[in-house]
Amino acid sequence: MTLRFRRLTCVILAVGLLFFSLTAGAEKTDIRKLQERLLSLGFEIGKADGIPGEKTTAAVLLAQTLLAGKGYDVPLTGVPDANTAGLIMREENSGLLRTLLRGSWGSRVKEAQRKLIGLNLLWDSADGKYGANTEKAVIAFETWLAGQVPEKADPDGRLSETEYALLMSDLSRYGYEAPVYFDDARPETLSGVWLYAKNACLINAVTGEALLEKAADEPAEPASTTKIVSLLTALSLCDPDKTVVIPDAAKDVPKDSTLVPVFPGETMTMRDLLYAMIIRSGNDAANAVAVLCSGSTGAFAEAMNRTAADLGMEHSHFVNAHGYTVEGHFTTARDLVIAARYGLTQTPFREIVTCLKYTLPATEKRGALVLNLKREIFDPGSEYYIPHAAGIKSGYTSSAGFCYVGAYQENGVTLIAAVMGCQGRNMAWTDLKRLFAYGMAVSE
């Protein structure tokens, strides 16, 4: 018997044993009817096909957990025994079984997560999976709710049908303040509580005056907004018109990095490389810039820190040129607007960070490459369009969230804003629109 055949035999036996264990406890249960009932309760298990597969098992286990929590004598096995099935089929248990708890999944979980994010209670993605972070956010919501309608809330981390309905309702009637309830018709009333971002700072670019702040001096991961400082540092060290050869360091980037791409041995001007680093946000270009300007990525990071110190960025420290998450690499919303404010006074910086389309000339390794910067805030057809907005740099990692530094100019007023830690691009655009509207309202 070959090793491959033995492995296949083991897999078949394992699947057979699993099926036997499930069906043995469910021999008196009509699995198809049970699945139809689970589907009607909101459990997303696929089709009611009469086969107690993985999702059916998970749904039964969640149901057993809820039933046991209410005092029913059921085993926590995921096996649909006759007693469990009978309790699930009872109409009086419908509300209980629609409760969401850790381990739940599906569209109802995703909708709850989206609302929790909108309430500034969940700093995570709406992935439809009820994990520890979602549970923590639910407890925070339930605790607040218990102070408003104590008879309808139990801070246990399980989102009951009643609590779910309240979560999805208009909570502003209870005085809840959150981004989802901001009145955009009154921009002058904006404060940090109405922003999705964890950290934000808005300044008058001419005077440097801070107009609105939210944890503006709290160190946070900047992701690719790091490249604002990389660009400033590079322009202080290198001639943009110098012809350079891309070093091997360009390929030494994290595997999921955004790439231009540029290739070791490729010849181009430093100016082309800088445009590529900002518009395409290529980590390969950032590493190439670092080595070409300072001899190594580490030496360039030290130069970046000197740039930051010279600009008065008091709560920043950089470890790399591209912004990929690493220990000890951080900045603040205030420091980012300080860097951007200085950069906008420099013609090469201003031209690069406000460019929406740039063509890299052909090289010996590729043809001409057109770089397009597509942002909803620059698209007149988008609901997030912001007239008079310009530049400067975005950034995203799963750890940092979505970050953006942008400028705005209207009627002689120039504003610069930074938002960090947003859970999505559209949340960042909403924050920017509100910040710029606020800045104009208080500057009139």
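## Salt bridges and helix packing

E213, D217 and R334 are linked in a network of salt bridges, a salt bridge being a side-chain nitrogen of Lys or Arg within 4 Å of a carboxyl oxygen of Asp or Glu. The model is predicted, so local features need pLDDT of at least 70 and side-chain atom pairs count only at pLDDT 80 or more, while totals for chains, interfaces and linings use all residues. Residues are numbered from 1 along each chain as its sequence is written, and side-chain values use heavy atoms, with hydrogens and water left out.

By this rule the count comes to ten salt bridges, and three of the pairs are set out here.

| Pair | Closest N to O distance |
|---|---|
| R434 and D184 | 3.0 Å |
| R425 and E376 | 2.8 Å |

R434 lies in helix 15 and D184 in the loop between helix 8 (161-167) and strand 1, so this pair ties together parts that are 250 residues apart in sequence. Helices (H or I, at least four residues) and strands (E, at least two) are DSSP runs, numbered from the N terminus. R434 counts as buried at 9% relative accessibility, whereas D184 counts as partly exposed at 48%; buried means under 20% relative accessible area, exposed over 50%, and partly exposed in between (1.4 Å probe, protein chains only). D241, at 51% relative accessibility, counts as exposed, and R271 is partly exposed with a relative accessible area of 25%. R425 is partly exposed at 30%, as is E376 at 23%.

Helix 15 (residues 425-443) has 19 residues, which at 1.5 Å a residue should span 27 Å, and its end C-alpha atoms are 27 Å apart, which agrees; the expected span is 1.5 Å times one less than the number of residues. Its buried residues include W429, L432, R434, F436 and M440. What covers the buried residues of helix 15 includes strand 1 (199-204), strand 2 (210-214), strand 8 (401-410) and strand 9 (413-422).

Elsewhere, helix 3 (residues 54-69) and helix 4 (residues 82-89) pack at an angle of about 80 degrees, with their axes 11 Å apart. These two helices are therefore roughly perpendicular to each other, a term for angles of 65 to 115 degrees. In helix 3, V60, A63, Q64 and L67 meet T84, L87 and I88 of helix 4, where contact means heavy atoms within 4.5 Å. By class, this contact has five nonpolar, two polar and no charged residues.

Terms used: Axes are lines fitted to C-alpha atoms, for helices over the stretch in contact, and angles run from 0 to 180 degrees between N-to-C directions. Angles under 35 degrees count as roughly parallel, over 145 as roughly antiparallel, 65 to 115 as roughly perpendicular and the rest as oblique. Ala, Val, Leu, Ile, Met, Phe, Trp, Tyr, Cys and Pro count as nonpolar, Asp, Glu, Lys and Arg as charged, and the others, Gly among them, as polar.
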